[in-house]
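Here is my note on the model, as numbered points. I begin with the aromatic rings and end with the chain overall.

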Amino acid sequence: MHKAGIRDVAREAGVSISTVSRAFTKPQLVSQATRDRVMAAANKLDFNISRSAMALKSGQTYRVALLMSEGITSWFNAEVFAGIDDVMHGKGYDISLYQHINDAETRDRFFTVLPVLRNVDAVFVASFAIEPAEIEQLRRTKVPIIGINTPDPLRFDASETIDDEGGMYRAAQHMIKLGHKRIVYTCSAAAETLDASIDLRGHGFIRACERAQNTHDISWKVLTVPRGRDFADNALTAVLSEDRFPDAICCQMDMMAIPLMIKLARHGYRAPRDYSIIGFDDAPYADTVELTTMRQNPYEMGRNAAMKALTLLEGRALEQPHAILEPKLVLRGSDSRYEGE
């Protein structure tokens, strides 16, 4: 069976071979009408341009890497991936996922191998810090490196970062302004082998409580539980083990706050009747359980990071390489003013 080539497409569309090539590799240089004609011809002839041929001609692989400390199934990572893909896919780029880069052996192997392969045009790093030596290894790829919600974002060529510390600071302030007296912060223990942006939220909680101690009659405590699949059950145990049940709970993330609310109700504690609770993320089901939370938008962060990557790949400078995004307080039904006992 004859396999259609670029000459066949050009003949069918009534254009030159170079126009067909540009329609695939540099569509911005071809009018929409001409590109539609070329694509219609290519579709009719079941033709697709060779990715390797595109790479040889342009010097690009049309592939980007997304590095993450956890798996793609987490809400944040899935949304970031969707945002990046929404921009990059339309420009002809594939996304290579590198998951669970969360221990010394994996990190050493990855940051040694990737620069040698040089098989991506840009690198996105989501939610964990990279050591200076690792940054230097990545720079050997000679491609843009973009951070997404990473500590120390200025180490990267560009970044999109949520203000995790400031967001939890405002969450704790919200509880204090509602008049709550006994406030706890539930969180997973930080990983030993890497710094994650989510850990900054605890700093915000502590800062807000320490500042309020001078003007408010409050007691506060950080309840740190082991990382892992049982973190919600461990948070429940920690809260119920307090000598006096807290009247306000700030949770490190919605995926801790939502199951904690449900499990506390089974023990007779209902929000906001018996306590107030606030999460962080505005993740799926937060609205279903009426959880007050601090909203961030990882999908938009991924899109914005991808747009910055494309700008850098085109050799243009960014007007604002680094952006810090403020989370938004979303009031629902899990908090209320504290009336005292």
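1. The count comes to 5 aromatic pairs. The rule takes rings of Phe, Tyr and Trp (its six-membered ring) with centres within 6.5 Å; planes under 30 degrees apart are stacked, over 60 edge-to-face, the rest tilted. The model is predicted: local features need pLDDT of at least 70, side-chain atom pairs count only at pLDDT 80 or more, and totals for chains, interfaces and linings use all residues. Residues are numbered from 1 along each chain as its sequence is written, and side-chain values use heavy atoms, leaving out hydrogens and water.

2. Y62 and Y93 form a tilted pair, with 5.1 Å from centre to centre and 40 degrees between the planes. Helices (H or I, at least four residues) and strands (E, at least two) are DSSP runs, numbered from the N terminus. Both Y62 and Y93 are buried. Buried means under 20% relative accessible area, exposed over 50%, partly exposed in between (1.4 Å probe, protein chains only).

3. Why is the pair Y185 and F205 stacked? The ring centres are 5.2 Å apart and the planes are at 20 degrees, so the pair counts as stacked. Y185 belongs to strand β6 (residues 182-188) and F205 to helix α9 (residues 200-212), so the pair ties together parts 20 residues apart in sequence. Y185 and F205 are buried. Ring pairs join Y185, F205 and W220 in a cluster.

4. Which rings have a charge over them? R201 lies over the face of F280, 3.8 Å from the ring centre. The charged end of R207 sits over the ring of Y169, at 4.2 Å from its centre. The test: NZ of Lys or CZ of Arg within 6 Å of the ring centre and within 35 degrees of the ring normal.

5. Now the chain overall. The protein chain has 12 helices and 12 strands. Its C-alpha trace spans about 85 × 40 × 40 Å along the principal axes. Of the 341 residues, 48% are buried. Take contacts (heavy atoms within 4.5 Å) between residues at least 6 apart in sequence: 70% join residues at least 24 apart.

6. Last, surface and charge. The protein chain exposes about 17,100 Å², and carbon and sulfur atoms supply 50% of it. Areas come from the Shrake-Rupley method with a 1.4 Å probe. There are 41 positive and 45 negative side chains. Lys and Arg count as positive, Asp and Glu as negative; His and the chain ends are not counted.

Note on methods
Charge placed at Lys NZ, Arg CZ, Asp CG, Glu CD.
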